[in-house]
Amino acid sequence: MKKSLLLLCALSWAAFASAQVCVRDSSLLNDTIFISPRPYTLANPVYGLAIACINQPYAQSVTIKVPPTFTFQGIPIVITNANLATTGAVTGLPTGISYVCDPPNCIFNANTLGCILLTGTPTTASQAPDTVDLKIKANIVGTVFGTTQTIPVDFPGPIAPGNYYLVLQTAAGCTSGTNDLGSQFMAIKNNPNPFGAQTVISVASLVSGRFNFEVFNTFGQRVYAEPINLIEGANQFTFEANDLPNGAYFYSISNAQGKVTRRMAIAK
C-alpha cells in the first residue's frame with residue numbers, strides 16, 4: 001500500500017511538473033527582438049499570447065532574451081543579469097492566473113534566455129469576454145562606466161515597444177485554432193473611410209458565432225470594444241466615432257481562434 005501511495009504521489013507530481021514547463025523560444029538567439037511572443041504593434045498586429053478561457057487551465061510561456069551588453073538611452077551597459085520579483089511583477093493578469101519563472105528565482109543571467117510561465121485557471125466569468133493589457137516590470141543589473149547599477153525596465157516598453165494583449169474568453173466561446181481568422185471571412189471593410197461621425201462595417205462571414213470588435217489607436221491603446229454576433233453571409237454594424245480625435249485607427253474582429261485587423265481613419 002505504501003509503495004502504491006508513493007507511486008501515485010510520484011505520478012501526480014510528474015503530471016503537475018509537466019503542466020508547469022516553461023518553453024523557451026530559441027529563435028530569439030538570432031533575432032533583435034528581446035521578448036517572445038512579440039508585443040502587439042502596428043507592424044505586428046497579432047495577439048501573440050494564447051487565449052485564456054474561463055474555468056479552463058491556462059499556460060503561456062514568455063521568453064526574455066538577456067544579451068551580454070546593451071545600449072540603453074545612449075548609455076552602454078555590460079549586463080550581469082535581468083531579474084524580476086517572484087510575485088507582482090506581471091501586472092494586468094486576470095483573476096486566477098499567476099506566473100512562475102525558470103529559473104525559479106526569476107534571475108536571468110546575461111547571454112541566456114529566461115522564461116516566464118503564465119499559468120492558472122481564470123474563474124471569474126464576469127471578466128469575460130475582454131482583452132487585458134499585460135506589463136512585465138523587470139530590472140537590469142549591469143556595469144555602467146565601471147559602476148554596478150540596477151536599471152528598471154518595462155516589457156513592453158522602450159526596449160520592446162507595443163502592447164501585450166491577453167484575450168479572456170468565456171468557456172462557451174473557446175475553441176482551439178490558429179491566430180488567423182482569414183479563412184472565416186470573405187471580406188471585411190468599412191464605408192465611408194475616412195469618416196466623420198460614423199462608419200458602417202461590413203463583414204462577409206463564412207461562419208456564425210460571437211466575436212469581439214475592438215478599436216485601437218496608433219499607440220496600440222484600445223479605445224473601444226464590444227461583443228458582436230455574426231451570421232453566415234452578409235453582416236453590417238455601425239461604429240460611432242463619438243469623441244475620438246481625428247487620426248488613423250485599427251479595428252479588429254476576433255474570437256477564440258484568432259483575429260483579423262483592418263485600418264480606418266477619422267476625419268471630422
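**Entry 1: a charged pair**

I began with Arg 24, which is partly exposed because its relative accessible area is 32%. I use buried for under 20% relative accessible area, exposed for over 50%, and partly exposed for in between (1.4 Å probe, protein chains only). This is a predicted model, where local features need pLDDT of at least 70, side-chain atom pairs count only at pLDDT 80 or more, and totals for chains, interfaces and linings use all residues. Residues are numbered from 1 along each chain as its sequence is written, and side-chain values use heavy atoms, with hydrogens and water left out.

Which residue does Arg 24 form a salt bridge with? I found Asp 102, with the closest N and O atoms 3.0 Å apart. A salt bridge here is a side-chain nitrogen of Lys or Arg within 4 Å of a carboxyl oxygen of Asp or Glu. Arg 24 lies in the loop between helix 1 (2-19) and strand 1, while Asp 102 is in strand 7 (residues 97-102), so the pair ties together parts that are 78 residues apart in sequence. Helices (H or I, at least four residues) and strands (E, at least two) are DSSP runs, numbered from the N terminus. Asp 102 is partly exposed too, at 30%.

**Entry 2: other salt bridges**

I counted 4 salt bridges in the structure. One of them joins Asp 154 to Lys 137, with 3.6 Å between the closest N and O atoms. Asp 154 sits in strand 11 (residues 147-155) and Lys 137 in strand 10 (residues 130-144), so this pair links parts that are 17 residues apart in sequence. Asp 154 is partly exposed at 32%, and Lys 137 is partly exposed at 44%.

I also looked up Glu 214, which forms a salt bridge with Arg 222 at 3.1 Å between the closest N and O atoms. Is Glu 214 buried or exposed? Glu 214 is buried, because its relative accessible area is 1%. Arg 222 counts as partly exposed at 32%.

**Entry 3: aromatic rings**

My search of the whole structure gave 10 aromatic pairs. Rings of Phe, Tyr and Trp (its six-membered ring) pair if their centres lie within 6.5 Å; planes under 30 degrees apart count as stacked, over 60 as edge-to-face and the rest as tilted. Phe 195 and Phe 239 have ring centres 6.2 Å apart and planes at 80°, so they are edge-to-face. Phe 195 lies in the loop between strand 13 (185-191) and strand 14 (198-205), and Phe 239 in strand 17 (residues 233-240), so the pair ties together parts 44 residues apart in sequence. Both Phe 195 and Phe 239 are buried.

Phe 239 also pairs edge-to-face with Phe 213, at 5.9 Å centre to centre and 65° between the planes. Phe 213 counts as buried at 0% relative accessibility. Ring pairs link Phe 195, Phe 213, Tyr 224, Phe 237, Phe 239 and Tyr 251 into a cluster.

**Entry 4: Ser 36**

I found Ser 36 in strand 1 (residues 35-36). Ser 36 is buried, with a relative accessible area of 9%. Its side chain makes a polar contact with the side chain of Asp 25 (2.5 Å). A polar contact is a pair of N or O atoms within 3.5 Å; within protein, one must be able to donate a hydrogen and the other to accept it, and residues adjacent in sequence count only if both atoms are side-chain atoms.
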